[in-house]
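Subject: Structure handover and findings

Hello,

Please find below the structure I said I would pass on. My notes on it follow directly after.

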Amino acid sequence: MKVYGFLKDVTGASRVTNARRKLIESGSPENLYHDHIKEVARELHPQVTRVVVTKCEDVSPTARRFTFEAVDGDVLPPFQCGQYVSLDLEINGTVTTRPYSICSAPFEAREGEHPFFQITVRNGRPETGFAANWLYANVKEGDRFDAHLPFGQFYYEPLRDSRTIVALAGGSGITPFCSMAKEIAHGTLDADLTILYGSVSTKDIILEKELNAIDCERVRFVNVISGDEPYEGEKGFLTRDLIQKYSGEDTTYFVCGPLPMYHFVKGELEALNVPPRRIRMEVFGAPRNVAEAEGYPKDFEPKTFHLTVLRGRQEDVIEASSLEPLTVALERAGIRNGSRCRSGACGYCRAKLVSGDVFIPQDGDGRRRADRQYGYVHACSTWPLSDCIIRIPIM
Amino acid sequence: MAFYKDKYDVIVIGGALAGMSCAMRLAGEGKDVLVLERHNLPGGVATSFVRGGIEMEATLHEMMSLGLREDPLYIRQYLDEMKVAIDWLRVPEAYELYSPKDGIDIELHAGRRANGTWVCADEIEAKYPGTRKEVNRLLEICRKVYESVLFLNEHKLSKLEMLLGHEELVKTAGYSAKEVLDVAFDLPEDVKKILSAYWVYVGQPISTLPFTIYAFLMADYMIGGSFVARGFSHEMAMAMQNRCEELGVQFEYRQEVEKILVRDGRVYGVRTARGDEIHADYIASAPYPNEVYGRMIEPQSEVPPQARKYANAMPMSVTNFSVVLLLDEPPEKLNIHSYSVFSSEIPFDTDVFWAEGRKLGGWSCLSTICLNLANPECTPQGMTSLSITFLPLPEAFDGVSADDYYAVKRQVAKEMIDKVSSRLGVNLLDHVVEIEIESPMTMAHYTGMYKGGIYGYQHSMDNSVVGRLEDVEREQYIRGLVSCASHQLVGDGMACNINNGKIASTMILEEMKKEAHA
């Protein structure tokens, strides 16, 4: 047994108190506030970036690419190929937001004299969103926007994904792969990419010139045409045989395209026994016709409800159509709620449902378990089925 | 109608655990309280996120100080008193320490028997015969210090009363954990290492960790064990947030406070990033004093030089680097059998680990948490939720820029995954379904905390909790402004922060009483 001599010491408390006072006395009386970590965090995730359109180019008969540069002293943050930007748009007096996959490469946002990012939107098709149509028709060089970036989990993650990538794209779903292809060609993304781009007709192909111009043996761009026109390349859908033909031993599949393609491709990949971790799916906006979504109450007559919106101590009553998510009702009434993914995934528009019945599609329910328990919803993916009361942040 | 009242009794900056604890207690006492939270979620780091429909804990979390329902410890008592209901799951074991270079591989369990002996003393005895008595004696001293600290949170005593009633605290207060373990206990080095493993959760090497804190933590953990919420940490945060609202607290998300308004040495309100000026005579602040005095107080001429000295002198504690993984096999297929494992690839030495935390990567001692082993329903069947954590100092990230950020964090994460893979004999990289890497920048982004510092200031010998308690009134440099987060008295941890918030509410209530009399 040892001697417990020092445990007889009863002055310890005053000793450590004095040591602490001495430490504080040694501090500088100057303002030395500086926080490198927060500065980097802000640069990585700016609240908002002011941007201006510097170029509008047609990249197919039906698609236009817009180039944005930061203005007002703002700097574009780094992003990862496949991530998206959320743009604040003022359309006919209504302020809304839209997510667009960035089709330029990450290095282009951080290098050169005029760092930029690009998005590409399609026009003139029934399934094209009204915001995309508006952008296509109205945006011109010099227009300014508030941009929020980067967002999204649809990016190549070297610690998870195989270095052999097969991209399965349809429609404007080609855009994130354009970003990936350029980054690989630039030598800053270490992967081999084969893009299988499904289109009905060669006229539907967008960014073809840009993708063909990428001169890099690690990037392969294959059009797959499903329509009747004569075409020398791959014909048909993105079937398991076609997918297999272009796959390596261990391949990660990135899927981005319209809903029907997504369902088809998912089945084909499952038939090939691709493990779930090798399949990355981009989220795609809210269903255009919610009544067709699985689980929607049968024979529910479309109706306009009263939506009571609580913000702080303020209360507003607005109209909300059962055919539109709560986010859209808020936007129509000029109430800002902020939304990013508009697919129910990111939770940026998280709101408290104080009362009322709502519909949330299962594949648009990205909520946390306790949020379901406590009645929180993601407004962009929540449709009213009765009069509702919600509480949202003051913005 | 306006969004805010012109004036509240108290404005709480930050809706994390401390802020909510403070707000809910004040509201329970009939005060009119406004909480301003910059994020759109409550809880600060005590939160979760969803990837591909699967929810994951944001980082390593264990709730201490709860105890069993039939034998509640102080946080369970407080949450019960506040009527906060959370579905707790008990974590099966205390921890496993795996340190092959020392030949140590042991799993300890919490619990004290009716006769006053400790379960872990028997577990250590089984591998290190002849140590049971000393381990029991150590834990008994820890328990007495623990009880004294809790008592002193609420009471002021004379020196004589202290000495009579709280001898163990008084007599160990001047020493580090290492000094006490080395001099006062006859234990083999390996057993001391086993009993120091939990340093990870205070982020301080035992050579400079006050025995007071060591004892508090060991007792707390070994008496009651630890818990996780069935609905992830977000359930705990939501239960508290919901209770705040039930008690009449106005709780506003997405409100970043830019300025704390001060006149004649006392606070009178805040200004938010949105531009709202809101008034109150009392403010509980989650932002660190460094940030409060450095840029938030308006005008800056109201910041006393002594306050700046304080902020500049306070040594920042560790921050967090976690790799959160969702894996495509169940735990047993990945050789994961314990909820919480501390593993060291070099001889276990907290001083060395601490020094390693000043640099980026090359970290020898990692902690892994496998949530499935406490909450089997946390993932779909056949999957594993695993996090790997090290607690570096903020300075390790001084050289990291936005441009190299993603590459750097992946490089460090890969090294950590490789180390755990080699311990498990399974390459985890072959099983990753989802991965998120959390750095101090992530902490700064989501919580706004100074330098991503979620652990407050160091619990070192020259910044001991005993000294903090003694000087708490001297350090109220601006009237009406109270610290309310891990940089406050008790320091870091979820239970500690709930306690920090409670202490902040007591300080405000006392000050209110005093001023009402004056």
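In chain A, 43% of the 395 residues count as buried. The model is a predicted one, and every value in this message is computed from it. The secondary structure of chain A comprises ten helices and 19 strands. Its C-alpha trace spans about 95 × 55 × 55 Å along the principal axes of the chain. Among contacts in chain A with a separation of 6 or more, 70% are between residues 24 or more positions apart.

Helix α5 of chain A, residues 175-185, is mostly covered, with ten of its eleven residues buried. The buried residues of α5(A) include the charged pair A:Lys182 and A:Glu183, and also A:Phe177, A:Met180 and A:Ile184. After α5(A) comes A:Gly187, which has a positive phi near 85 degrees.

Next, the contact between the chains. Chain B contributes 75 residues to it and chain A contributes 64. On the side of chain B that touches chain A, the element that gives the most is α12(B), with six residues. That side of chain B is made up of 35 nonpolar, 18 polar and 22 charged residues.

Helix α1 of chain A (residues 12-25) and α12(B) have axes that come within 7 Å and cross at roughly 105 degrees. An angle of 65 to 115 degrees counts as roughly perpendicular, so α1(A) is roughly perpendicular to α12(B). From α1(A) the contact uses A:Leu23, A:Ile24 and A:Glu25, and from α12(B) it uses B:Lys309, B:Tyr310 and B:Ala313. By class, these residues are four nonpolar, no polar and two charged.

Helix α12 of chain B (residues 305-313) also packs within its own chain, against helix α11 of chain B (residues 289-296), at an angle of about 135 degrees and with the axes 9 Å apart. The two helices are therefore oblique to each other. The crossing of α11(B) past α12(B) is left-handed. On the α11(B) side the contact is made by B:Pro289, B:Asn290, B:Tyr293 and B:Gly294, and on the α12(B) side by B:Ala307, B:Arg308, B:Tyr310 and B:Ala311. Five of the residues in this contact are nonpolar, two are polar and one is charged.

Elsewhere in chain B, helix α7 (residues 177-184) has B:Ala177, B:Val180, B:Leu181 and B:Ala184 buried. Viewed down the axis of α7(B), the buried residues fall within an arc of 105 degrees, so they line one face of the helix. They pack against three helices of chain B, namely α6 (167-172), α8 (189-194) and α9 (211-224).

Last, a residue in helix α2 of chain B (residues 74-81): B:Glu81. Is B:Glu81 buried or exposed? There are 11 other C-beta atoms within 10 Å of its own, and a residue with 12 or fewer counts as exposed, so B:Glu81 is exposed.

Regards

How values were computed
Residues numbered from 1 in each chain as written. Chains lettered and ligands numbered in written order. Predicted model: local features only at pLDDT ≥ 70, side-chain atom pairs only at ≥ 80, totals over all residues. Buried ≥ 20, exposed ≤ 12 C-beta atoms within 10 Å, placed from the backbone. Helix = DSSP H or I, 4+ residues; strand = E, 2+ residues; numbered from the N terminus. Arc of directions from axis to C-beta. Contact = placed C-beta atoms within 7 Å. Axes fitted to C-alpha atoms, helices over the stretch in contact; angles between N-to-C directions. Parallel < 35°, antiparallel > 145°, perpendicular 65-115°, else oblique. Left-handed = near helix turned anticlockwise from the far one by under 90°.
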